[in-house]
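Here is a friendly briefing to read alongside the structure. Have it open in your viewer and follow the topics in turn.

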4 protein chains.
Amino acid sequence: MKRLLPLLLMSVVSVSAQQQPSATNERWQLTVDFYGATRYYRLDLDQHDTAHLSGTFNGTHLTGTNTNNHLKIEGTENGNHVVVDAQQDHDALTGIVTFGEIASPLVSRFTATLVKPLPHTTPQTHEFKPTTYYRQYSALNKPVLHINPGDTIHTTTVDAGGNDENNIKRIAGGNPQTGPFYVEDAMPGDTIAIHIQKLRLTRDTAGSNDNLVQSAMSPSLAIRTRDNHSSILWRLDRKHMTASPESNSVALKNLKVPLHPMLGCVAVAVSPSDAPPPTGDSGYYGGNMDFNEIAEGATVYLPVINPGALLYFGDGHALQGDGELNGNALETSLDVTVTVDLLQGTSTGFPRIETPTQFIALGYSGYLDDALKDATGNMAAWLANNYKLNPSEIGQLLGVAAHYRVTEVADRNSGIALKIDKSLLNNLNVPHTP
Amino acid sequence: MKRLLPLLLMSVVSVSAQQQPSATNERWQLTVDFYGATRYYRLDLDQHDTAHLSGTFNGTHLTGTNTNNHLKIEGTENGNHVVVDAQQDHDALTGIVTFGEIASPLVSRFTATLVKPLPHTTPQTHEFKPTTYYRQYSALNKPVLHINPGDTIHTTTVDAGGNDENNIKRIAGGNPQTGPFYVEDAMPGDTIAIHIQKLRLTRDTAGSNDNLVQSAMSPSLAIRTRDNHSSILWRLDRKHMTASPESNSVALKNLKVPLHPMLGCVAVAVSPSDAPPPTGDSGYYGGNMDFNEIAEGATVYLPVINPGALLYFGDGHALQGDGELNGNALETSLDVTVTVDLLQGTSTGFPRIETPTQFIALGYSGYLDDALKDATGNMAAWLANNYKLNPSEIGQLLGVAAHYRVTEVADRNSGIALKIDKSLLNNLNVPHTP
Amino acid sequence: MKRLLPLLLMSVVSVSAQQQPSATNERWQLTVDFYGATRYYRLDLDQHDTAHLSGTFNGTHLTGTNTNNHLKIEGTENGNHVVVDAQQDHDALTGIVTFGEIASPLVSRFTATLVKPLPHTTPQTHEFKPTTYYRQYSALNKPVLHINPGDTIHTTTVDAGGNDENNIKRIAGGNPQTGPFYVEDAMPGDTIAIHIQKLRLTRDTAGSNDNLVQSAMSPSLAIRTRDNHSSILWRLDRKHMTASPESNSVALKNLKVPLHPMLGCVAVAVSPSDAPPPTGDSGYYGGNMDFNEIAEGATVYLPVINPGALLYFGDGHALQGDGELNGNALETSLDVTVTVDLLQGTSTGFPRIETPTQFIALGYSGYLDDALKDATGNMAAWLANNYKLNPSEIGQLLGVAAHYRVTEVADRNSGIALKIDKSLLNNLNVPHTP
Amino acid sequence: MKRLLPLLLMSVVSVSAQQQPSATNERWQLTVDFYGATRYYRLDLDQHDTAHLSGTFNGTHLTGTNTNNHLKIEGTENGNHVVVDAQQDHDALTGIVTFGEIASPLVSRFTATLVKPLPHTTPQTHEFKPTTYYRQYSALNKPVLHINPGDTIHTTTVDAGGNDENNIKRIAGGNPQTGPFYVEDAMPGDTIAIHIQKLRLTRDTAGSNDNLVQSAMSPSLAIRTRDNHSSILWRLDRKHMTASPESNSVALKNLKVPLHPMLGCVAVAVSPSDAPPPTGDSGYYGGNMDFNEIAEGATVYLPVINPGALLYFGDGHALQGDGELNGNALETSLDVTVTVDLLQGTSTGFPRIETPTQFIALGYSGYLDDALKDATGNMAAWLANNYKLNPSEIGQLLGVAAHYRVTEVADRNSGIALKIDKSLLNNLNVPHTP
């Protein structure tokens with residue numbers, strides 16, 4: 001059977017395109033038991049008078065009635081028929097949702113809670129000291145901290161091998177993550193913006209090695225480097241922000257490479273009905289993107305799949321060349337400060353980055369040609385949604401403005417970043433949402 | 001950080017290459033707490049006299065002493081140093097194992113149980129009626145049945161969408177699996193051979209659709225077929241073993257395609273320290289291979305990663321063209337009879353198939369060129385290990401004997417099967433292990 | 001600037017789709033001097049009365065006048081405007097053709113000759129002994145023989161290294177070809193069908209080697225086989241039709257592999273305005289397809305690009321595994337008998353093969369994923385054009401009927417063959433053109 | 001038969017590695033008739049006394065005798081045996097060269113001319129006005145100008161469609177090239193360095209379009225942009241060096257993109273024994289590299305394949321985004337000033353670029369993953385040859401220093417550029433040749 005698509009995510013995208021937030025009176029958060037698998041949906045309801053309702057579920061517009069707190073609303077769009085039949089008890093709603101193709105509808109029980117607006121609060125900074133780390137982007141791990149949108153988290157990460165600031169192994173390797181952080185009010189269909197305020201080194205060493213990953217080697221290069229399997233310890237000079245390899249190489253003994261700390265992994269949890277990805281993988285949820293522009297000053301945009309978003313990050317690199325050619329970068333522990341914002345009702349669909357000067361659309365796939373197509377589609381959607389460019393305008397702009405970089409070739413997915421200078425977009429004669 | 005390698009598997013391969021089963025007196029099954037992650041290893045011990053021991057752990061030869069049931073054995077191989085320091089209490093062993101590079105050893109607690117030879121029993125046939133299904137190849141799901149090597153399982157599978165023989169949806173879709181089955185005596189480093197005795201249809205319909213998967217379409221074909229999104233119901237004529245689409249197509253109204261039932265998925269559980277793959281994925285553990293020669297009469301060889309192997313299967317197809325071009329094949333429920341054998345002390349490393357006339361090495365990767373390389377490497381290892389061919393002989397043989405087929409392009413991994421006629425291998429002038 | 005498309009071919013395809021051969025009174029063969037590059041076109045004219053004409057040029061319908069043998073006809077289709085302004089002198093026509101986008105028309109001189117129907121003749125068999133061989137699929141090489149459609153050619157080919165039946169090197173290696181053969185009446189937009197009647201070995205040896213091509217090797221396999229660089233002489237037993245390697249391998253000393261002679265290359269010349277492909281390359285013109293089903297009993301369909309088609313063939317293999325994994329197959333000289341038919345007014349666009357039991361659409365590209373897409377598009381076009389299947393029917397049929405094989409990975413292009421059993425197509429409830 | 005390797009080039013590389021230029025008394029330029037194909041080789045001879053000689057041919061060291069101007073020298077290296085048997089008549093040498101594997105030597109006639117040192121001359125600037133343009137990188141086109149190493153050429157190029165500075169079409173499109181230029185003293189095994197001094201626009205318009213190339217589009221993006229097929233005229237503001245599209249788009253009406261003129265194509269001719277590549281292709285000879293850093297201030301290094309190098313260039317772009325996503329960039333005519341230097345006795349093997357701040361190794365192949373491997377291998381060879389780094393040092397350096405960009409995906413080959421900052425290489429503690 002076929003490739004498992006992030007179905008929830010895709011439907012959510014269409015929600016965001018159609019919704020009229022101003023017309024919504026009530027917003028419900030549904031937890032659907034879909035034949036044993038948990039799925040989350042949002043139900044927007046608009047009470048017109050004592051008896052008549054309209055609403056939106058998963059991108060389908062519904063109308064119906066409310067009889068003594070018994071709601072029955074239905075609608076059909078694009079061949080899909082939706083019926084919600086439920087009983088309200090104050091802030092709780094329980095019932096049955098039927099949806100899917102008209103000929104073969106799927107019937108599921110759900111419970112829902114009324115979403116209340118967050119009280120306006122002053123943004124806070126949370127000091128968080130992790131005591132456990134996770135190695136899967138699972139929705140089932142208990143959140144380590146709840147924050148409000150706009151809040152800042154100051155915390156630390158262990159390195160990819162699980163070693164902390166004292167080089168003590170705290171957990172098995174494989175990019176153990178700090179988190180998950182629960183962002184209040186974040187719901188499926190929203191986007192979270194993770195502003196990387198500070199990434200600071202917490203020790204004077206980083207671990208790496210001298211071999212090249214298989215994806216970077218032709219047979220002849222593989223044969224030439226077949227004896228490369230040394231671990232390399234890099235000395236980090238935190239004062240001058242340079243790194244030097246502690247190998248016995250004469251040629252490299254004076255090498256000082258400027259440091260550029262970055263997070264290899266930033267992610268949200270995937271749906272509890274999907275297998276949780278290992279923290280070495282990447283996809284629509286972000287993950288192990290290993291892109292060296294995810295550094296101080298950058299903002300990472302990720303789609304919200306679960307209530308609370310469930311943000312994870314880790315896998316700090318003191319420095320990484322494009323491709324992460326050794327399989328490892330300069331792996332080290334970090335002191336991390338991020339501010340998390342919430343963009344309600346819009347979904348990026350796939351990870352995007354903003355730096356002070358550029359917009360960056362990422363594409364990750366099993367091979368670079370496909371990753372480039374995904375990055376291009378990601379940017380095309382960005383230009384269509386936020387700048388209202390039509391396909392011809394998108395074609396013209398990309399032809400002159402696209403910069404493509406390889407992010408990494410070290411993992412199951414390889415990545416391509418498509419970058420456009422903001423200065424060009426500022427020239428556009430269009431109303432836009434940044 | 002880098003691609004997560006199936007480390008356990010790889011070390012196990014080297015075990016199998018080096019071990020001398022005849023010299024082993026005692027075999028211990030270790031459960032190692034590797035910094036919070038569970039890993040399984042085998043420890044073979046040979047008691048030379050009351051005080052002196054030798055053994056093998058994860059491919060490394062060890063020697064040492066036994067002092068009043070306090071065992072201390074160590075060894076160094078290929079730059080790795082291993083120390084086992086443990087206390088024996090009858091059939092239980094508890095202690096500490098230290099291993100890894102000499103400069104940075106990793107220290108883990110373990111418990112172990114003595115492996116006792118299975119009593120010789122007459123092979124049995126187990127009638128098993130599943131009541132639950134799983135959607136991840138996890139080692140944490142409780143085995144539904146324990147069998148002995150040589151036993152036969154007669155059971156059923158629901159279709160990829162979770163529908164049973166009455167077309168009742170029993171569970172959310174995504175290739176829900178029957179199993180896991182625990183095979184007594186199977187240990188990491190072994191191989192299980194699943195002989196597919198019978199695959200019989202249990203209903204008269206199969207579900208499919210008319211779109212083509214993205215991996216099979218150039219932009220121009222995508223544009224031409226952009227309106228293909230119909231579900232197609234196929235009628236299965238179980239008497240004449242043909243399928244016909246129940247669409248309103250005039251052209252296809254007389255089409256009768258010969259049925260060829262197959263299992264889309266056959267898998268073992270992965271290590272509990274790794275993220276469990278979704279049942280739509282494939283890899284060294286088998287999984288959603290979607291290869292239409294995994295049918296009656298074929299034997300599937302899979303490496304054992306966990307004690308008991310933990311065998312899963314499902315995703316029956318009444319018929320599937322190469323590639324599984326619609327994302328779905330003719331998805332249906334099946335009645336399944338398999339016999340499971342155990343090949344102790346040898347590991348295939350990657351899935352292989354044997355049919356009455358051919359040996360088939362599989363390769364799965366994000367793109368076909370890489371899958372072809374993996375299939376070729378898989379077959380080269382087979383010829384080297386089982387037929388003792390040297391690299392030049394392997395090159396000569398593959399040049400004239402290789403048949404390559406595309407298995408599927410519908411999932412995250414695409415697959416290539418490299419097939420060699422057994423009749424050619426019978427010509428080889430070598431002692432071999434089939 | 002962009003990928004050079006086979007422009008002539010593509011325009012010709014649209015000609016064939018639209019033309020009404022029955023309405024044509026006169027057919028002219030134009031040689032156009034397109035800014036220094038030679039291009040061939042067909043002009044179909046229909047003289048309605050003494051003064052009024054209609055016609056078709058390159059897919060565009062034209063109308064106009066004939067004033068004392070001065071023809072002026074024009075038309076516009078799909079944004080392209082065509083004007084033909086010419087003087088007729090019996091069977092010759094000279095003038096100017098203007099075509100291209102309306103805003104920027106391109107003006108070219110041309111000469112044309114009237115195409116006369118071939119007299120009906122009894123098919124002949126031509127004995128042809130080559131004295132020269134070519135290493136590019138050029139339209140500028142003088143034809144070595146003119147034949148009529150339906151005629152048979154009996155000739156020989158040297159091996160890929162240029163060695164003849166006595167193992168005498170006649171020309172530098174690189175797949176030197178026999179031909180080009182001029183097929184009377186073949187014009188751009190037609191298809192030639194090359195029926196392979198006989199392929200017989202002319203010597204008792206074939207040359208090959210033991211290395212594996214780069215495209216088949218992962219880094220680890222490359223390292224294992226890094227010392228494979230021996231030439232291997234294979235003994236051909238023409239009586240029992242088997243091959244055995246003459247190496248000092250003990251393991252292979254009794255190996256006898258059944259022979260299966262095939263042509264590695266069958267091609268037509270490309271347009272004289274394009275760079276002639278080397279005879280190691282493949283594409284829409286056929287070429288070095290290295291597909292082991294191009295053997296006795298198969299028919300190869302190739303599009304006609306030049307007047308006379310200009311057929312080439314060579315690179316005989318006594319036997320080749322899929323992929324041509326050694327870079328060479330069992331390279332040998334052949335005795336070849338082919339019959340060439342002409343399918344007027346239809347173009348395959350891309351090479352196709354017919355065997356007694358299957359239709360085979362080929363795809364060749366720089367990587368297998370793309371080749372698979374091309375093969376699928378090739379078959380989809382075949383089913384649409386010859387069987388009038390709509391996109392949904394094509395999707396349903398391919399899902400159950402596609403067989404994909406890898407043809408070769410040894411050259412700049414890799415190839416995939418999509419095969420469908422004729423027995424299934426015979427079930428279709430449609431009028432079709434075979 | 002297999003992929004045609006650039007054999008001459010590869011052998012030449014090994015020459016350059018081994019030669020001791022100081023020990024050479026005489027250098028001969030051989031033109032070898034290799035079974036009908038022309039190949040060029042260099043023969044270095046060292047006359048020890050009246051009767052005894054040593055020398056080097058194609059990387060093989062030879063010794064022998066000179067008897068009355070009858071030279072007979074031979075040698076064996078790596079399983080290849082070479083015999084040169086020739087008669088000298090002043091500055092001419094004619095004879096027979098035998099080479100190849102010992103068991104199957106190949107015998108070819110040759111003529112040779114004595115290479116005399118160029119007189120030292122003051123570098124000149126040549127004003128060259130092209131009257132013809134070429135569309136293949138052929139060694140058979142007569143050089144349009146002879147220059148000395150160090151000389152400067154000031155000339156013009158037409159755009160990819162063949163249009164000149166007045167937008168008059170001068171020749172059929174497909175990147176018609178200015179050249180070939182013959183560089184005196186350049187011989188196979190050398191490298192030419194083309195310093196791009198000035199690239200100036202010669203008109204106020206550039207042609208492009210709004211579609212996206214197939215290689216950049218997933219099926220869904222292809223469907224969304226399926227109606228993109230407009231030509232777009234871009235206005236070039238040469239004073240402010242910006243470009244604006246002259247489309248009726250409201251959104252883009254104020255767009256001003258900074259111009260960055262570049263050469264899409266820079267190439268040397270390939271061996272006359274190989275099929276000449278079309279000017280839309282790329283490879284070891286350079287060609288249509290479509291890399292937007294081949295601009296003012298850059299130096300392009302290309303291997304010399306033919307005597308005189310035979311330099312071509314063309315396909316000017318006023319501006320090009322990475323990938324050349326529209327198939328066309330902003331195609332325009334240019335005024336070009338280049339200085340050509342000769343690096344004798346060293347071969348780059350594959351194109352390399354030097355800018356004021358970076359070294360750039362290019363890789364071109366049918367898909368990006370392979371192009372990345374080729375670029376990595378190209379840079380690894382650069383670091384090994386010019387900086388004497390060992391494989392471990394190369395691995396360590398690439399891991400922190402590699403920047404990968406996509407050059408283009410618009411042609412048969414896609415390209416990747418691996419860039420390293422010169423500032424890092426200046427840190428290396430090694431003697432090096434820049």
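## How the copies are arranged

Chain A superposes on chain D by a rotation of 180° with 0.0 Å of shift along its axis, at an RMSD of 0.1 Å (copies are superposed by least squares on the C-alpha atoms of residues with pLDDT of at least 70 in both). That is the relation of a two-fold axis. This is a predicted model, in which local features need pLDDT of at least 70 and side-chain atom pairs count only at pLDDT 80 or more, while totals for chains, interfaces and linings use all residues; side-chain values use heavy atoms, leaving out hydrogens and water. Residues are numbered from 1 along each chain as its sequence is written, with chains lettered from A and ligands numbered from 1 in the order in which they are written.

- For the pair A and D, the C-alpha of chain A nearest the axis belongs to A:Arg405, 2.3 Å from it.
- The same surface serves both of these copies, since 100% of the contact residues of chain A recur in chain D (contact means heavy atoms within 4.5 Å).
- Chain D can also be laid on chain C, by a turn of 180° and a shift of 0.0 Å along the axis, with an RMSD of 0.0 Å.
- Here the C-alpha of chain D nearest the axis is that of D:Gly366, at 2.1 Å.
- Chains D and C meet through the same surface, because 100% of the interface residues of chain D are also interface residues in chain C.

- Helix α3 of chain D covers residues 368–387 (helices are DSSP runs of H or I with at least four residues, strands are runs of E with at least two, and both are numbered from the N terminus).
- Its 20 residues should span 28 Å at 1.5 Å a residue, and the end C-alpha atoms are 27 Å apart, which agrees (the expected span is 1.5 Å times one less than the number of residues).
- Of the 20 residues in α3(D), 16 are buried (under 20% relative accessible area, with exposed over 50% and partly exposed in between, using a 1.4 Å probe and protein chains only).
- Just after α3(D), D:Lys388 has a positive phi of about 55°.
- The axes of α3(A) and α3(D) come within 7 Å and cross at roughly 115° (axes are lines fitted to C-alpha atoms, for helices over the stretch in contact, and angles run from 0 to 180 degrees between N-to-C directions).
- A:Leu368, A:Asp369 and A:Leu372 make this contact with D:Leu368, D:Asp369 and D:Leu372.

**Strands β26 and β27 of chain A**

- Five of the six residues of β26(A), residues 403–408, are buried, so this strand is largely enclosed by the rest of the structure.
- β26(A) runs antiparallel to β27(A), residues 414–421, and five bridges join them (two strands pair if DSSP finds at least two bridges between them).
- The two strands form a hairpin with five residues between them, and A:Val406 has A:Ile416 as its bridge partner in β27(A).

- β19(B) and β20(B) run antiparallel and are joined by two bridges, with B:Ser282 opposite B:Gly287.
- B:Ile73 lies in β5(B), residues 70–77, and counts as buried at 0% relative accessibility.
- Beyond its neighbours within four places in sequence, B:Ile73 contacts residues including B:Leu43, B:Leu53 and B:Val83.
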